[in-house]
Amino acid sequence: MHKKIKWGLIGYGKFAKKIESSFEQTEIASLNYIASKSLLNFNKNELQTNFKDKIIYSSYKDLIKDKEVQNIYITTTNNLHKELIIDSANNGKNIICEKPACTSEKDFSECIDAIKKNNVFFMEGLMYLHHPQILKSIQIIKKGEIGKIKKIIASFGYRVGKKFLFFELKKIDRKSRIFNPELGGGSIYDLGCYPLTAALLFFNLENNNQIVNYKFRRDDGRYGVDENADAKLYFNCGGQAEISVSIRKNLENTIEIFGTKGKIKIFYPWLTMSDSTIELQKENEKIYITNSISKNIYALELEKATNAIIQNKKEVDFPGANIKRSLEYIKILEKWKSANI
């Protein structure tokens, strides 16, 4: 077996620790470098105990400028993504950046310029696309088993905090990334990319359908971020997508794809367990298709990206998101985020 490809991690919050553990499941990628300001609170003995075999940097720039580091995974808050992507690209690093890669079309276009100029690999961390259930759903649609797609309904929502009438039963942390507008918080930027990219992915399997109209709704809470949001997208094929996100309500968290001959329902598209099931309905028959994985979806994502880098590719293989698809959905997120309430 080839030696594992080394990666550096920028940011060491709760999510980054999940990525760190996912590296341990991969066969071709390893985490060798971490840059985090929070680790400055550790003493030398603690660092040696908790981070043996890893090089720790107290600043992001130190990791980026280290010539030994060739591949970087960015897991910081949304407001820092643009600067870190451009800086990493200008230093010749291959990049995975957590979603959303940027919060505006202008910012991501500047990132694309740096990525293309320096001829580096780039992938956005939309991990759910790397589960085999997504590829299986694509195959079912391409074989014509549900006919022409007419409608997609997709949602992603979880509940933060509890209310009684209008009173919070537990204090909300306004400095947390999802409730802080300055960090790019809110349900649209935190969750909107999932149902939105799913709708675009499946509709674009048929003749590259384009959005011709849209309706956005946003429900801003007292903390200055969109807590709940809905969107309707209308495609030139006559089909439409209905997507919903929330950081204050538990939603169904599924993808339903309705065709002229049947439908597909993906029960756990975003946070899939090791075993998952797709429901395929044709006429009066329901078929349940089980998909199993031996490692989590973040590990699958890491392996897809690392394999692409080994093959000297600059983007991940389909159905992973390429740069063009990331730019397309970021444009829509920006319009959704700025919609009138």
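**Entry: ground rules**

I am working with a predicted model, where local features need pLDDT of at least 70, side-chain atom pairs count only at pLDDT 80 or more, and totals for chains, interfaces and linings use all residues. Residues are numbered from 1 along each chain as its sequence is written, and side-chain values use heavy atoms, with hydrogens and water left out.

**Entry: the chain overall**

I noted 10 helices and 16 strands in the protein chain; helices (H or I, at least four residues) and strands (E, at least two) are DSSP runs, numbered from the N terminus. The radius of gyration is 20 Å, close to the 20 Å of the globule rule for 341 residues, so the chain is as compact as a globular protein of that length. That radius is taken over C-alpha atoms, and the rule is 2.2 Å times the number of residues to the power 0.38. The C-alpha trace spans about 65 × 55 × 35 Å along its principal axes.

I then checked burial: 52% of the 341 residues count as buried. Buried means under 20% relative accessible area, exposed over 50%, and partly exposed in between (1.4 Å probe, protein chains only). The chain exposes about 16600 Å², of which carbon and sulfur atoms supply 49%; these areas come from the Shrake-Rupley method with a 1.4 Å probe, and for residues only the protein chains shown count as cover. Of the contacts with a separation of 6 or more, 67% are between residues 24 or more positions apart. Contact means heavy atoms within 4.5 Å.

I traced an open sheet of 6 strands in the order 3-2-1-4-5-6, with parallel pairing. Strand 3 (55–57) and strand 6 (122–125) are the edge strands, each pairing on one side only. Two strands pair if DSSP finds at least two bridges between them. Neighbouring strands here are turned by 25 degrees against each other on average, direction ignored. Axes are lines fitted to C-alpha atoms, for helices over the stretch in contact, and angles run from 0 to 180 degrees between N-to-C directions. Strand 4 (residues 71–74) and strand 5 (residues 94–98) pair in the parallel sense over 4 bridges, and I74 stands opposite C97 in strand 5.

Next I looked at helix 4 (residues 81–90), where H81, L84, I85, D87, S88 and A89 are buried. What covers the buried residues of helix 4 includes strand 1 (5–10), helix 3 (60–65) and helix 5 (105–118), along with strand 4, strand 5 and strand 6. Just after helix 4, G92 takes a positive phi of about 75 degrees.

I found an open sheet of 8 strands in the order 10-11-12-7-13-14-15-16, with mixed pairing. Strand 10 (211–220) and strand 16 stand at the edges with a single partner strand each, so one side of each has no neighbour in the sheet. The twist averages 10 degrees from one strand to the next.

Strand 11 (residues 226–235) and strand 12 (residues 240–246) run antiparallel, joined by 7 bridges. Helix 10 (residues 323–337) packs on the sheet, touching strand 10, strand 11 and strand 12, and its direction makes about 45 degrees with that of strand 10. In helix 10 I picked out K335, which counts as partly exposed at 41% relative accessibility. Beyond residues up to four places away in sequence, K335 touches Y214 and F216. K335 and E105 are 230 residues apart in sequence, with their C-alpha atoms 9.8 Å apart.

Strand 15 (residues 275–282) pairs with strand 16 in the antiparallel sense over 8 bridges. The two form a hairpin with 2 residues between them, and E283 in the turn has a positive phi of about 55 degrees. The bridge partner of S276 in strand 16 is N291.

Leaving aside neighbours within four places in sequence, T290 is in contact with S276 and T277.

I ended with Q133 in helix 6 (residues 132–142), which is buried with a relative accessible area of 0%. The side chain of Q133 makes a polar contact with the side chain of S276 (3.0 Å). A polar contact is a pair of N or O atoms within 3.5 Å; within protein, one must be able to donate a hydrogen and the other to accept it, and residues adjacent in sequence count only if both atoms are side-chain atoms. Beyond neighbours within four places in sequence, the contacts of Q133 include I266, Y268 and N291.
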